[in-house]
Amino acid sequence: MSIPLLTYKPSSQNQRVAGYEVPGEDTPYIYRIEDCLDAGDVQELIWAAYRQIFSEHVILQSSRQTNLESQLKNRAITVRDFIRGLAKSETFYRLVVESNSNYRLVEVSLKRLLGRAPYNKDEEIAWSIKIATQGIDGFIDALIDSEEYTQNFGDNTVPYQRRRFKDRPFNLVTPRYGSYWRDKLEEQRYKWGDVRNFLDMAREIKPKARATNTNVSTANITIPDTTRETKPNVPVSISPTASFPL
């Protein structure tokens, strides 16, 4: 039996308020499948999805999901299904899931899939419980099938960062450089003079046990003569001028 998502009070954030800013370099370009007129437009939409879900740093040939690309190009799946497939791929699991704690995973997933940062710690805890009870796939499905995702992106729009006034874009923040991953790497790093280095070295030493039942024969042992030579009893005076009769 799965635990329902805990309730939390959304904090006031700029993406929840209608914007009046003048369009500029921070204004996101929205990719919709209905705006694609040819194969080139569809390919641009696909790369925009890769940048949003996998991050700008890891747009590599090995990260491509060719099966999902083919289905999207043939209109066999929606953009929402394509995003779902990317978030459940082995690449996303390796880059984001396995290298972060649940709290950090919630933060990155909300930024990539819903286009916003977590409202507060209560929301991170609520979604972390969802991960613990339903697993990664259940957590991703809950985000993509949520009412918030449907209202903002629907079935045909690639998720994007909703309004940004400071900090780096969400798709430029490498997830594995969070404090959890940094501390994990720091524990594994060799530190000069650390007492644990000596303990590890001591554990690697395999001393040989000495035999305790060795019989020692005394037949060949030579005992030295420690007796003193005896001399005649000659009187001695402590005074150098003293004389004794002969």
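Among contacts in the protein between residues at least 6 apart in sequence, what percentage join residues at least 24 apart? I looked this up before anything else, keeping in mind that the model is predicted, and found that 72% of those contacts join residues at least 24 apart.

Entry on the overall make-up. I counted nine helices and zero strands in the protein, so that, by the DSSP runs used here, the order from the N terminus is α-α-α-α-α-α-α-α-α. I also noted that 35% of the 246 residues count as buried.

Entry on the core. I turned to the largest nonpolar core, which holds 38 residues, and saw that Phe82, Ile83, Leu86 and Leu113 touch the most other members. The elements giving two or more residues to this core are α1 (39-54), α2 (66-73), α3 (79-87), α4 (90-97), α5 (102-114) and α6 (121-144). I then followed Leu113 and, leaving aside its neighbours within four places in sequence, found this residue in contact with Ile53, Ile83, Ala87, Ile140, Leu143, Ile144, Tyr149, Phe153 and Pro159.

Entry on α1 and α2. How do the axes of α1 and α2 cross, and within what distance do they come? I read that the two axes come within 11 Å and cross at roughly 140 degrees; α1 and α2 are therefore oblique to each other, an angle over 145 being what would count as roughly antiparallel. I recorded the crossing of these two helices as right-handed. On the α1 side I listed Val42, Gln43, Leu45, Ile46 and Tyr50, which meet Glu69, Leu72 and Lys73 in α2. The residues of this contact divide into five nonpolar, one polar and two charged.

Notes
Residues numbered from 1 in each chain as written. Predicted model: local features only at pLDDT ≥ 70, side-chain atom pairs only at ≥ 80, totals over all residues. Heavy atoms only, no water. Core = buried A, V, L, I, M, F, W, Y, C linked by side-chain atoms within 4.5 Å. Buried < 20%, exposed > 50% of the residue type's maximum accessible area, 1.4 Å probe, protein only. Helix = DSSP H or I, 4+ residues; strand = E, 2+ residues; numbered from the N terminus. Contact = heavy atoms within 4.5 Å. Axes fitted to C-alpha atoms, helices over the stretch in contact; angles between N-to-C directions. Parallel < 35°, antiparallel > 145°, perpendicular 65-115°, else oblique. Left-handed = near helix turned anticlockwise from the far one by under 90°. Nonpolar A, V, L, I, M, F, W, Y, C, P; charged D, E, K, R; others polar.
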